[in-house]
Amino acid sequence: MLKGALIAFGIMIGAIVIPGVHWVSIWFGPFLAGFFGGGIAKADEDKIVKFGLLVAAMMIVPLAVALGALFLFDIAGFIRFFLIVMAIVIVPYTWFGVTLGALMSYLSRKKAIERAAAEEAEAASS
């Protein structure tokens, strides 16, 4: 599960880093990260929420760096307010997006397995 969480974290950070595209990709990054990372981690119904929490916990690292810069460089005004609001919002948003993406990944894998089993049963009965 750690490998999938690291890949999901990398997808989210990668969505932020791409210039120009990040204005759109940053909003869908947690969902896509949860979908692909949850598929790699094979997060099933027991592990989906734990997977989301693990990836959200990883987001605390960049958050701590941003807040550290806030106090280290004595940033004031709107930028300080913006960073504090983002600190409060980013971890729950990440958890929700990653968990929803992992859930969709699980449901699509489950449906594919059921479809394959139905086709196999149909082929065996013919």
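1. Let me start at Ser108, which lies in helix α5 (helices here are DSSP runs of H or I, at least four residues, numbered from the N terminus). This is a predicted model, where local features need pLDDT of at least 70, side-chain atom pairs count only at pLDDT 80 or more, and totals for chains, interfaces and linings use all residues. Residues are numbered from 1 along each chain as its sequence is written, and side-chain values use heavy atoms, with hydrogens and water left out.

2. Staying with Ser108: at 35% relative accessibility, Ser108 counts as partly exposed (buried is under 20% relative accessible area, exposed over 50%, partly exposed in between, with a 1.4 Å probe and protein chains only). A polar atom of its side chain sits 2.9 Å from the backbone oxygen of Ser105. That is a polar contact in the sense of a pair of N or O atoms within 3.5 Å, where within protein one must be able to donate a hydrogen and the other to accept it, and residues adjacent in sequence count only if both atoms are side-chain atoms. From Ser108 to Phe35 there are 73 residues in sequence and 9.7 Å in space, C-alpha to C-alpha.

3. Glu114 is also worth a click, and lies in helix α5. Glu114 is partly exposed, because its relative accessibility is 47%. C-alpha to C-alpha, Glu114 and Ala8 are 26 Å apart in space and 106 residues apart in sequence.

4. Next, Thr94, again in helix α5. With 2% relative accessibility, Thr94 counts as buried. A polar atom of its side chain lies 2.7 Å from the backbone oxygen of Ile90. Setting aside neighbours within four places in sequence, Thr94 is in contact (heavy atoms within 4.5 Å) with Met12, Pro30, Val55, Ala56 and Met59.

5. Thr99 is found in helix α5 too, and counts as buried at 12% relative accessibility. Its side chain reaches the backbone oxygen of Trp95 at 2.6 Å. Neighbours within four places aside, Thr99 is in contact with Ile48, Val49 and Gly52.

6. Now the helix pair. α3 and α5 pack at an angle of about 140 degrees, with axes 8 Å apart; axes are lines fitted to C-alpha atoms, for helices over the stretch in contact, and angles run from 0 to 180 degrees between N-to-C directions. Residues of α3 including Phe51, Leu53 and Val55 meet a set in α5 that includes Val91, Trp95 and Tyr106. By class, this contact has 12 nonpolar, 3 polar and no charged residues.

7. On to the largest nonpolar core, which has 20 residues, with Met12, Phe51 and Val55 touching the most other members. Such a core is a set of buried Ala, Val, Leu, Ile, Met, Phe, Trp, Tyr and Cys residues joined through side-chain atoms within 4.5 Å. Two or more residues come from each of α1 (2-17), α2 (22-41), α3 (48-58) and α5 (78-125), and α5 gives the most, with 6 residues. Not counting residues up to four places away in sequence, Met12 touches Gly29, Pro30, Ala33, Val55, Met59, Thr94 and Val98.

8. Last, a backbone point: Lys42 has a positive phi, near 50 degrees, in a residue other than glycine. Most residues other than glycine have a negative phi. Lys42 is found in the loop between α2 and α3, and counts as exposed at 58% relative accessibility.

Conventions. Ala, Val, Leu, Ile, Met, Phe, Trp, Tyr, Cys and Pro count as nonpolar, Asp, Glu, Lys and Arg as charged, and the others, Gly among them, as polar.
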